[in-house]
Amino acid sequence: MTLDLRRLQYFVEVADQQGFVRAAHRLHMTQPALSRQISALESELGVKLFSRSRSGTVLTAEGAELLGRVRELLGTASVLEREARILGRTPARFVVGFMPGVDAGALIEAFRRVRPGVDVVPIFTSTTTQAPFLIDGRADVVFCRPPIGVDGLCVVDLFDEPLVAAVRHDHELAGRAQLFMRDLEGLTQPLLRRVTTSGTSSEPSDFEPQEAILAVSTGQAVALLPVGIAAFYSEPTVRYIPLVDAPHQPVAMAYDERRKMPYIDAFADVCRDELGPRLRQLPYRLVEGERATGTSTL
């Protein structure tokens, strides 16, 4: 039996996305084509990997047992590919997982000036889940908001990101140029924010920035968001207001401690120089942009 690594990657993506539709979208293929590839893999392995029903797609017991081994195999294959490139003296390939709110284009351009011989390949992770991209070898390094909560990953602190308050355009606070945390006390709407713990949990399952912005736009909540996320998810009915005394949220890079690339430190320095100062000014630039256009759109 000859295993097709692409099909194994498809298997991991469907497992991570918990469904064929979302996985097909991320893989830039049609859902029927993805289903055929998974069916072919199941035939090759002689085991059913997923249980499909009207309620969704879940791993079978056999699929769940194989998933970890497949991630290890893909990670090993990725390392082998990189080592072969080095031996063949081809351009070094550095795959970076960018989360929403991080300006990939500006960073890649700046890094290429520092390391012109490195081929930087961007891939895009979700807002809250980055670890699988390192575990299965899809990325050499990912941006994250700690804690990432996975053993075997090294986390490099970059800078602290300001928070802004997201309020609907007709909210009583919408006309303020800046806010203090005390201004958010006693609101009639729930205050949505990320809550971190000292344990192993990463992003909490009940907070997704996109969902928080939707709740704000419909008048159901007020939210605290990292300013990069606010700039990325512009919404005409939502205003983003700087929070003067809110604790900043750390932004970091993570990589598998077994696969540290030789230019991670140089990339971290570029990130600090390019992104740190820009994000510190971004809350007030958001407000100025809204006033100039009369909307909440950047």
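## Overview

This is a predicted model, in which local features need pLDDT of at least 70 and side-chain atom pairs count only at pLDDT 80 or more, while totals for chains, interfaces and linings use all residues. Residues are numbered from 1 along each chain as its sequence is written, and side-chain values use heavy atoms, with hydrogens and water left out.

The secondary structure comes to 9 helices and 11 strands, where helices (H or I, at least four residues) and strands (E, at least two) are DSSP runs numbered from the N terminus. Of the contacts with a separation of 6 or more, 74% are between residues 24 or more positions apart, a contact being heavy atoms within 4.5 Å.

Helix 1 (5-17) has 13 residues and reaches 18 Å from its first C-alpha to its last, close to the 18 Å expected at 1.5 Å a residue; the expected span is 1.5 Å times one less than the number of residues. Its N-terminal end is capped by Asp4, a side-chain oxygen of which lies 2.9 Å from the backbone nitrogen of Arg6. The buried residues of helix 1 are Arg7, Leu8, Tyr10, Phe11, Val12, Glu13, Val14, Ala15 and Gln17.

Gln18 is found in the loop between helix 1 and helix 2, and although it is not a glycine, Gln18 has a positive phi of about 55 degrees. At 57% relative accessibility, Gln18 counts as exposed.

## Helix 3

The 15 residues of helix 3 (residues 31-45) should span 21 Å at 1.5 Å a residue, and the end C-alpha atoms are 21 Å apart, which agrees. Thr30 caps the N-terminal end, with a side-chain oxygen 3.2 Å from the backbone nitrogen of Ala33, and just after the helix Gly46 takes a positive phi of about 70 degrees.

The buried residues of helix 3 are Ala33, Leu34, Ser35, Ile38, Leu41 and Glu42. What covers these buried residues includes helix 1 (5-17), helix 2 (20-27) and strand 1 (50-53).

## The largest pocket

A pocket is defined on a 1 Å grid over the protein atoms alone, as an open set of points with protein on both sides within 12 Å along at least five of seven lines, whereas a cavity is a set where a 1.4 Å probe fits but cannot get out; lining residues have an atom within 4 Å of a point. Grid points are joined across faces, edges and corners, and a volume is the space filled by probe spheres set on the points.

About 1,200 Å³ of space lies in the largest pocket. Of the 35 residues that line it, the closest to its centre are Glu13, Arg26, Phe124, Phe133 and Arg138. The elements that give two or more residues to this lining are helix 1, helix 2, helix 4 (61-87), strand 3 (92-98), strand 4 (118-124) and helix 6 (131-135), and helix 1 gives the most, with 8 residues. By class, the lining has 14 nonpolar, 10 polar and 11 charged residues, where Ala, Val, Leu, Ile, Met, Phe, Trp, Tyr, Cys and Pro count as nonpolar, Asp, Glu, Lys and Arg as charged, and the others, Gly among them, as polar.

## The second largest cavity

A search of the whole structure finds 2 cavities of 30 Å³ or more, and about 40 Å³ of space lies in the second largest cavity. This second largest cavity is lined by Met99, Gly101, Val102, Arg145, Phe159, Glu161, Val251, Leu275 and Leu279, which by class are 6 nonpolar, 1 polar and 2 charged residues. Strand 6 (153-161) and helix 9 (264-293) each supply at least two residues of the lining.

In helix 7 (residues 209-217), Pro209, Ala212, Ile213, Ala215, Val216 and Ser217 are buried. What covers them includes strand 7, strand 8, strand 9 (222-226), helix 8 (227-232) and strand 10 (238-242). Helix 7 is followed by Gly219, whose phi is positive, near 75 degrees.

Gly219 is also among the residues in contact with Gln189, together with His171, Gln220, Ala221 and Val222, when neighbours within four places in sequence are left aside. Gln189 lies in the loop between strand 7 (163-168) and strand 8 (191-192) and is buried, with a relative accessible area of 18%.

Technical notes: Buried means under 20% relative accessible area, exposed over 50%, partly exposed in between (1.4 Å probe, protein chains only). A polar contact is a pair of N or O atoms within 3.5 Å; within protein, one must be able to donate a hydrogen and the other to accept it, and residues adjacent in sequence count only if both atoms are side-chain atoms.
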